[in-house]
Amino acid sequence: MASLIATPTKKITKKAFEADLIQRHGFDDLTVSPYQEEIDRDDWGKPIFTKLSLYYVNDVHVGTWQKGEGWRFELDGEL
């Protein structure tokens, strides 16, 4: 079974992270999906969310960016 390998980046802007993904995977097959993830609850039980940008190539998750941090994903080094 293939395993997913995550490679974190150093602090990076969203624009630079996207440029890196485009260089690695090309522009035509790269898509981005905004996502809100619940990370905690406040004192009144209301959910607290953070925004993520999830990147895909042909429906395979290849990257995530959030607040100046990016993670690239590969399946056994295939992508």
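Here is a short walk through the model, one selection at a time.

Before you click, note that this is a predicted model, where local features need pLDDT of at least 70, side-chain atom pairs count only at pLDDT 80 or more, and totals for chains, interfaces and linings use all residues. Residues are numbered from 1 along each chain as its sequence is written, and side-chain values use heavy atoms, with hydrogens and water left out.

**Stop 1: glycine 63.** Select glycine 63 in strand E4, residues 60-66 (helices, H or I with at least four residues, and strands, E with at least two, are DSSP runs numbered from the N terminus). Glycine 63 has a relative accessible area of 0%, so it is buried (buried is under 20% relative accessible area, exposed over 50%, partly exposed in between, with a 1.4 Å probe and protein chains only). Now show its contacts, meaning heavy atoms within 4.5 Å: leaving out residues up to four places away in sequence, glycine 63 touches Phe17, Ser53, Leu54, Tyr55, Trp71, Arg72 and Phe73.

**Stop 2: the core.** Next, select Phe17, Leu21, Leu30, Tyr55, Val57, Val62 and Trp65, the largest nonpolar core (a set of buried Ala, Val, Leu, Ile, Met, Phe, Trp, Tyr and Cys residues joined through side-chain atoms within 4.5 Å). Helix H1 (14-25), strand E3 (47-57) and E4 each give two or more residues to this core.

**Stop 3: two rings.** Keep phenylalanine 17 and tyrosine 55 on screen; both are buried. Rings of Phe, Tyr and Trp (its six-membered ring) pair if their centres lie within 6.5 Å, with planes under 30 degrees apart stacked, over 60 edge-to-face and the rest tilted. That rule gives one aromatic pair. The centres of phenylalanine 17 and tyrosine 55 are 5.7 Å apart and the planes sit at 65 degrees, so this pair is edge-to-face. Phenylalanine 17 is in helix H1 and tyrosine 55 in strand E3, 38 residues apart.

**Stop 4: charges.** How many salt bridges does the structure hold? There are three, each a side-chain nitrogen of Lys or Arg within 4 Å of a carboxyl oxygen of Asp or Glu. Pick Asp20, Arg24 and Arg72, which are linked in a network. Aspartate 20 to arginine 24 has its closest N and O atoms 3.0 Å apart, while arginine 72 to aspartate 20 comes in at 3.4 Å. Arginine 72 and aspartate 20 are buried, whereas arginine 24, at 43%, is partly exposed. Finish on arginine 41 and glutamate 38, bridged at 2.9 Å, N to O.
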